[in-house]
Amino acid sequence: MASHAFYLPTLSLFGPGCLNEIGNEIASMGHKKALIVTDKSLVQFGYVKKVTDILAKSGIAHALFDGVQPNPTVQLIKDGLAMLNAENCDCIISIGGGSAHDASKTIGCVKTNGGEVEDYLEDDV
């Protein structure tokens, strides 16, 4: 069996007040446009707007992918990756729970390492 390696840099901010740091952190890395990966409920309840307002103050543009559902499918990942590419996003922000984080990590993995989503699945999945 051939060995494989993939590179997926991440930054996780957590703790009181960390949200206010996100714009400066992203700008300090040289990023210009973020893909926000989340679900429609978090948009509806205003949580995503808190993030986009902070990004705007830091001069970071964004595109919103709010189609995340529990247990993300291969098609959902492909749709998110297509938006990342079409919008020329150079970083990803996930907002939400496990499904949003799983989707954003998988989108980032495929973007960073190439190939297709299916290349990263086990044969029996």
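Student: Is E87 buried, partly exposed or exposed?
Tutor: E87 counts as partly exposed, at 33% relative accessibility, where buried means under 20% relative accessible area, exposed means over 50% and partly exposed lies in between, with a 1.4 Å probe and protein chains only. Please keep in mind that this is a predicted model, in which local features need pLDDT of at least 70 and side-chain atom pairs count only at pLDDT 80 or more, while totals for chains, interfaces and linings use all residues. Residues are numbered from 1 along each chain as its sequence is written, and side-chain values use heavy atoms, with hydrogens and water left out.

Student: And what does E87 pair with?
Tutor: E87 forms a salt bridge with K33, with 2.7 Å between the closest N and O atoms; the term stands for a side-chain nitrogen of Lys or Arg within 4 Å of a carboxyl oxygen of Asp or Glu. K33 lies in strand β1 (residues 33-37) and E87 in the loop between α4 (74-86) and β3 (91-94), so the pair ties together parts that are 54 residues apart in sequence. Helices (H or I, at least four residues) and strands (E, at least two) are DSSP runs, numbered from the N terminus. K33 itself counts as buried, at 18% relative accessibility.

Student: How many salt bridges are there in the whole structure?
Tutor: The search finds five. Among them is the one between the side chains of K40 and D66, at 3.0 Å from N to O. Because K40 lies in helix α2 (residues 40-44) and D66 in the loop between β2 (61-65) and α4, this pair ties together parts that are 26 residues apart in sequence. K40 is exposed, with a relative accessible area of 52%.

Student: What about D102 and K105, how far apart are their closest N and O atoms?
Tutor: They are 3.8 Å apart, and the two residues form a salt bridge. D102 and K105 are three residues apart in helix α5 (residues 98-113), so about one helical turn separates them. D102 is partly exposed at 39%, and K105 is partly exposed at 46%.

Student: Switching to α4, which of its residues are buried?
Tutor: The buried ones are L76, I77, G80, L81 and L84.

Student: Now the largest pocket: which residues lie nearest its centre?
Tutor: T10, L11, I92, I93 and S94 do, out of 30 residues that line the largest pocket. On a 1 Å grid over the protein atoms alone, a pocket is an open set of points where a 1.4 Å probe fits, with protein on both sides within 12 Å along at least five of seven lines, and lining residues have an atom within 4 Å of a point.

Student: Which element gives the most to that lining?
Tutor: α5 does, with six residues.

Student: Last one: where is N71, and what is its phi?
Tutor: N71 sits in the loop between β2 and α4 and has a positive phi of about 55°, although it is not a glycine. Most residues other than glycine have a negative phi. N71 is exposed, with a relative accessible area of 65%. N88, in the loop between α4 and β3, has a positive phi near 55° as well, and N88 counts as exposed at 64%.
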